[in-house]
Amino acid sequence: MAGGDSVGDDAAPGFMAGFWRLVGQYFRGEERRRAWWLTAGVLGLTLLQIGVQVRFNIWNRDFFNALESRDRDAFFGQLWLFMALTIGSMVTAVFQLYMRQMLQLHWREWLVKRLQHRWLEGGRHYRINFLPDAADNPDQRISENTRWATAIAVDMAVGLVSSVLMLVSFVGILWTLSGPLHVALGGSEFEIPGYMVFAALLYAGVGSALTWFIGRPMVAANIRRNEAESDHRFALVRLRESSEGIALIGGEADEERGLMRAFGQVAQSMLDLMRSERRLMWLTSAYGMLLTVFPVLVASPRYFAGAITLGVLMQISSAFGQVTTSLNWFVDNFPRLADWRSHVARVVELEETLDGADVSESDTVIEIEEGPGEDGREVLAFRDLQIAQSDGALVIEEANAEIAPGEKVLILGESGSGKSTLFRAIAGLWPWGSGTIRIPRRATMMFMPQRPYLPLGTLHAALAYPASAEEFPAEAVQAALERCGLEGLVPRLEEEERWDRILSLGEQQRLAFARLLLHRPGWVFMDEATAALDEANQDSMMRLFGEELAGCALVSIGHRPGLDAYHDRTLKLVPGAEGARLGRRRPQRQRRQRNPIRRLFRRKAAQRGEAD
């Protein structure tokens, strides 16, 4: 699992550096104005809330003094003041919550958009699959981990600032009210000024130290839980997307065993986390109960000595509670802090993976030259091209070739010789290697994989992809479907379905050819794009390049019989000890003239197809 140990104690500096980078990019980036306004609003309302709490502390003293002196008018006056303070506290709390929620939402929105853009830009979502130690499950990191990384960060930041301000506001009150404590020890006497402050520091310090010692394993437990949850979710999504193949082969029992193993990891990680939480609960439960009596117990000697009134005793108890609560921020938030750290670590790891993809791009020596060459022509050319795996192993040792506009070229080679990898390099998705690839303008290129991509939405949108459906009128779409033998789909153009599941692979491949008729690119790159078609449908689709798309250049990968009849020449990847070499072969039409038996066989096969 990528990053499993990367957020341990030994990586804390790196973790914090990654987190502060995310914070800095948000507060210094293009969204900084709104970010700072929201932050200022949260801080201003936090200060107002603390002011209300300070006034409540003074009210505590006056209310209990009124009770002690049996002053009826003062008692009811303090009740009216309590109502006013309560309303003020409610209004302030609601508006502070609103501002905090808006800051959380806006920060998450910025982070999700940033990660989504970086993930999709330039095919990084594809390339990172080949990077060593790449962050796993980027979809879960973007959708879920960003949510908790930002939400908990804002909550804890507001809580920490509030605790610091509360400490500053109440420590002076506690120091003044508690007064000196006279201590007689071994015949000598001395005073401890503001002794309740020192008692609060001691109480909070002991609690924080015990919390850190007992709850420390929770950080690693939260990380393991997040990773296990992510793996289980991925297994479920993979099962859903591959449900047809699993059902056809009868693999449900094996899939269930795999899912049970994945959830077993979730359950085990949850048990470890719950065990840590139970150990911590022993401490926090006792710690919270002691807080109700500890300040009264420590301040009681001065009360029994008549140095302070009951109201002052209650005010001291309230101030002690506020001071210790502020000092106990770490104790109260440790479980949440451990959970937050695991979410942030996964977001930071995704950022580092995307940065690693950028480093790979900058380090590669494959040069992509786009557009017309010095002679003004747009060609596809390989010059001293070598293509390697991400680990440096050569796939294609040497390739030197040129394909002119309008040419139809078939690339052959054994399975694993690097044909599809060559297409990926042409598309700019495979940066590992050396040499130069001259390509036409990308806007004139269209790639056709064996399984076409059909986005969610209407059939009209799937045909227009990646353009907008509005760019192609219904009449043009209908004509393209009819030309490709899909006239039965015309009435369903505006239906929203999972077309990749409803249509057979052969129908999807013909749909891809209908998409070609709409976009009319200048260059088409086909990778086994007719593998699911019968011979008659393959011939019908390939005739497009001699009729409607006659001026289009075609570069194909395919093994189906009869494909060479639709190409001008053939290039073959010949495997070697250090990778495949790209060599030329004689035009297929010339070879057919020298093989009359083969020509006769194909003519009879074509006649049978027409009869069918």
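Visitor: Which residues have the most contacts inside the largest nonpolar core?
Guide: The model is a predicted one. Its largest nonpolar core has 67 residues, and helix α11 (residues 329-363) gives the most to this core, with 9 residues. The residues with the most contacts inside the core are Leu380, Phe382 and Ile426.

Visitor: Which residues does Phe382 touch, not counting residues up to four places away in sequence?
Guide: Strand β4 covers residues 380-388, and it pairs with β5 (residues 394-403) and with β7 (residues 433-439). Leaving out residues up to four places away in sequence, Phe382 touches Ala399, Asn400, Ala401, Leu422, Ile426, Thr436, Ile437 and Leu582.

Visitor: In which sense do β4 and β5 pair, parallel or antiparallel?
Guide: The two strands form a hairpin with 5 residues between them, and Gly392 in the turn has a positive phi of about 100 degrees. Leu385 has Ala399 as its bridge partner in β5. Over 6 bridges, the pairing of β4 and β5 is antiparallel.

Visitor: How many bridges join β4 to β7?
Guide: Ala381 stands opposite Arg438 in β7. The strands β4 and β7 run antiparallel, and the number of bridges joining them is 5.

Visitor: Which residues does a second, separate core include?
Guide: Apart from the core of 67 residues, the model has a second, separate core of 38 residues. Among its members are Leu481, Leu511, Leu544 and Leu563.

Visitor: Which elements do the buried residues of α14 pack against?
Guide: Helix α14 (residues 474-483) has Val477, Ala480 and Leu481 as its buried residues. Seen down the helix axis, these fall within an arc of 100 degrees, so they line one face of α14. After the helix comes Gly485, with a positive phi near 70 degrees. The buried residues of α14 pack against α13 (459-464) and α16 (505-519).

Visitor: Is Arg225 buried or exposed?
Guide: Arg225 is found in helix α7 (residues 217-241). Leaving aside neighbours within four places in sequence, Arg225 is in contact with Ser269, Met270, Leu273, Asp339 and His343. Its relative accessibility is 17%, and the cut-off for burial is under 20%. Arg225 therefore counts as buried.

Visitor: What separates the C-alpha atoms of Arg451 and Gln508?
Guide: Arg451 is found in the loop between β8 (445-448) and β9 (457-458), and at 53% relative accessibility Arg451 counts as exposed. Leaving aside neighbours within four places in sequence, Arg451 is in contact with Leu505 and Gln508. Arg451 and Gln508 are 57 residues apart along the chain, and their C-alpha atoms are separated by 7.4 Å.

Visitor: To how many disulfides does the count come?
Guide: Cys484 counts as buried, at 1% relative accessibility. Cys552 is also buried, with a relative accessible area of 4%. A disulfide requires a pair of cysteine sulfur atoms within 2.5 Å. By this rule the number of disulfides is 0.

Visitor: What pLDDT does the protein chain average?
Guide: Over residues 1-11 the pLDDT stays under 50, and the model has 26 contacts beyond four places in sequence for them. Residues 586-605 also have a pLDDT below 50, with 20 contacts beyond near neighbours in sequence. Where pLDDT is low, the predicted coordinates should not be read in detail. In the protein chain 88% of the residues score at least 70, and the average pLDDT is 81.

How values were computed:
Residues numbered from 1 in each chain as written. Predicted model: local features only at pLDDT ≥ 70, side-chain atom pairs only at ≥ 80, totals over all residues. Heavy atoms only, no water. Pairing = 2+ DSSP bridges. Helix = DSSP H or I, 4+ residues; strand = E, 2+ residues; numbered from the N terminus. pLDDT = per-residue confidence, 0-100. Contact = heavy atoms within 4.5 Å. Buried < 20%, exposed > 50% of the residue type's maximum accessible area, 1.4 Å probe, protein only. Arc of directions from axis to C-beta. Core = buried A, V, L, I, M, F, W, Y, C linked by side-chain atoms within 4.5 Å.
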